[in-house]
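Here are a few exercises on how two chains meet. Grab a pencil and try each task before reading its solution.

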Amino acid sequence: MCDQTFLAIVFGPCDRCSREKPLRPVYIKSEQLSYCSICVEMMATEGLHENETLASLKNEAESLKGKLEEERAKLHDVELHQVAERVEALGQFVMKTRRTLKGHGNKVLCMDWCKDKRRIVSSSQDGKVIVWDSFTTNKEHAVTMPCTWVMACAYAPSGCAIACGGLDNKCSVYPLTFDKNENMAAKKKSVAMHTNYLSACSFTNSDMQILTASGDGTCALWDVESGQLLQSFHGHGADVLCLDLAPSETGNTFVSGGCDKKAMVWDMRSGQCIQSFETHDSDINSVRYYPSGDAFASGSDDATCRLYDLRADREVAIYSKESIIFGASSVDFSLSGRLLFAGYNDYTINVWDVLKGSRVSILFGHENRVSTLRVSPDGTAFCSGSWDHTLRIWA
Amino acid sequence: MPAINIEDLSEKDKLKMEVEQLRKEVKLERQPVSKCSEEIKNYIEERSGEDPLVKGVPEEKNPFKEKGGCIIA
């Protein structure tokens, strides 16, 4: 048995509107008052006082979070897996490693697929960024970055360039050329400049703009040609570790996850945070939109993956098992969204049934942490990268 | 360069940001989970028949099938 603290509900006249209602304690200029829930919200929207103390801000944050929870709970009428009870269970899965890409000299930190469904770019702790043909396992391009820990890399939608960055605090774009005489590094263009490490980057739906996430707690949108900052996104209370753009049909939003345990959904044009979710118990290492754009999944150091529905504005599923105690480093959905693939720090990949919440398969093969995982654009395979220096293609 | 570095912000500034954000979020319009879950379920059911990783791909059509075993002596 554990100790439980109960909140005693006080019923009485509100200090502001005098109506008889359940009351909450509220602190204004260090004085404790009792407000009903409507007045709490009214007071919260009246604007902060000049000499606001840290304590009163904390209290306001707490009472707003409580209100938010209440509002979300009102619509929590069923669990996703209950709705999915009659859905046919998935059969046995036989997924194996079809290709192993060897060539990196150190931990593979990030990878991305090209839209042609066969090329892959990957980056590593030793500063190398390699472009592979996954069908043949040939290396088509390789460039050495001036820094170690290249934590982010991305393929341009046209397939003609790649972007990467890490401890250099920048995101650089390299045009890909098949001319043997050209030195890839010579054409490098520095696009993004942050004040701390680059943790993630992604082209938007053209080669012209890049979205970045950084250890400096911000995300930013840049124009590739001029290097100009188009929009910056503030709201995370700590390092931002990951981001994902909404599928193009859904409009101009993206989701980010950070060390503050929050996942935040942003409007790319205004720079405003639209929604935020704080249910994980530790850093969120990976976020990925559900194929329809109405939900997203997250993977965290708390060893769970979770599904958040954007219209219900809450977490609707949690993918976890008592036996899984290591953090999930990266997640991605299969084409239809039925499966969620997650790479973990215990060297395994777990395959989850998104609807039923159960694990359908566990894949072994890597000899160290799985650090990155992406499903191919046509959904025929997925690629995982690991601290064991290799990438594996599974199908 | 983005305007801020989170390490430079004081506790109070971070809290202010958080409180302003929470105020906006409390006012959002939400839909019941039952409706949203139905939609997710329908979306998946419509498409999972065509999902290569769910239904499997016959070896001949799989671009990643095992490469032929040729040994060069």
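This is a predicted model: local features need pLDDT of at least 70, side-chain atom pairs count only at pLDDT 80 or more; totals for chains, interfaces and linings use all residues.

Residues are numbered from 1 along each chain, chains are lettered from A in the order in which they are written, and side-chain values use heavy atoms, with hydrogens and water left out.

**Exercise 1.** Find how confident the predictor is in chain B and in the complex.

*Solution.* Start with pLDDT, the predictor's confidence in each residue, from 0 to 100. Chain B averages 81, and 81% of its residues reach 70 or more. For the complex, the predictor gives an ipTM of 0.84 and a pTM of 0.85.

**Exercise 2.** Work out how much area chain B and chain A bury between them.

*Solution.* First, count the residues in contact (heavy atoms within 4.5 Å): 52 come from chain B and 89 from chain A. Next, take the buried area, meaning accessible area (1.4 Å probe) that two parts lose on being put together, summed over both. That comes to about 5,900 Å², with carbon and sulfur atoms giving 65%. On the chain B side, Arg30(B), Leu53(B) and Phe64(B) lose the most, together 15% of what that side buries.

**Exercise 3.** Count the salt bridges between chain B and chain A, then locate one.

*Solution.* Look for a side-chain nitrogen of Lys or Arg within 4 Å of a carboxyl oxygen of Asp or Glu.
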